[in-house]
Amino acid sequence: MSSPVSAPSAPPSDGRRTGEVRSLLTGGAAQHLESIHDYSSDYDNVANANYVLDG
């Protein structure tokens with residue numbers, strides 16, 4: 001079983017926002033995010049659900 005890993009990425013040199021991290025999701029975490037997205041799409045709207053996933 002793998003553990004989720006997060007580590008700061010190198011600071012961007014092209015003007016992108018800072019503070020971004022790379023993350024590895026376990027299969028269960030990915031399923032939970034998909035469920036949250038589906039719920040938000042049903043009870044709010046798809047644009048807001050996509051915003052949550054895209055950050």
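Confidence first. This is a predicted model, and the chain's mean pLDDT is 77, pLDDT being the predictor's confidence in each residue, from 0 to 100. Of its residues, 65% reach 70 or more. Confidence is lowest in strand β1, residues 6–8, at a mean of 52. Confidence is highest in α1, at 92. Where pLDDT is low, the predicted coordinates should not be read in detail.

Ground rules, quickly. Residues are numbered from 1 along each chain as its sequence is written, and side-chain values use heavy atoms, with hydrogens and water left out. Local features need pLDDT of at least 70, side-chain atom pairs count only at pLDDT 80 or more, and totals for chains, interfaces and linings use all residues.

Now the layout. The chain has 2 helices and 2 strands. Along the sequence they follow the pattern β-β-α-α. Both come from DSSP runs, numbered from the N terminus: helices are H or I, at least four residues, and strands are E, at least two. The chain has 55 residues, and 7% of them count as buried. Buried means under 20% relative accessible area, exposed over 50%, partly exposed in between, with a 1.4 Å probe and protein chains only.

On to the helix pair. How do α1 and α2 pack, by angle and by distance between their axes? Helix α1 spans residues 27–43 and helix α2 spans residues 46–54. Their angle is about 155°, and their axes are 7 Å apart. Axes are lines fitted to C-alpha atoms, for helices over the stretch in contact, and angles run from 0 to 180 degrees between N-to-C directions. The two helices are therefore roughly antiparallel; that label needs an angle over 145 degrees, while under 35 is roughly parallel, 65 to 115 roughly perpendicular and the rest oblique.

Who makes the contact, meaning heavy atoms within 4.5 Å? From α1: Leu33, His37, Ser40 and Ser41. From α2: Val46, Asn48, Ala49, Asn50 and Leu53.

Two residues to look at. Serine 40 sits in helix α1. Serine 40 is buried, at 16% relative accessible area. Leaving out residues up to four places away in sequence, serine 40 touches Asn45, Asn48 and Ala49.

Across from there, alanine 49 sits in helix α2. Is alanine 49 buried or exposed? Alanine 49 counts as buried, at 2% relative accessibility. With that sequence exclusion of up to four places, alanine 49 touches His37, Ser40 and Ser41. Alanine 49 and isoleucine 36 are 13 residues apart in sequence, and 8.1 Å apart in space, C-alpha to C-alpha.

Conventions. Contact means heavy atoms within 4.5 Å.
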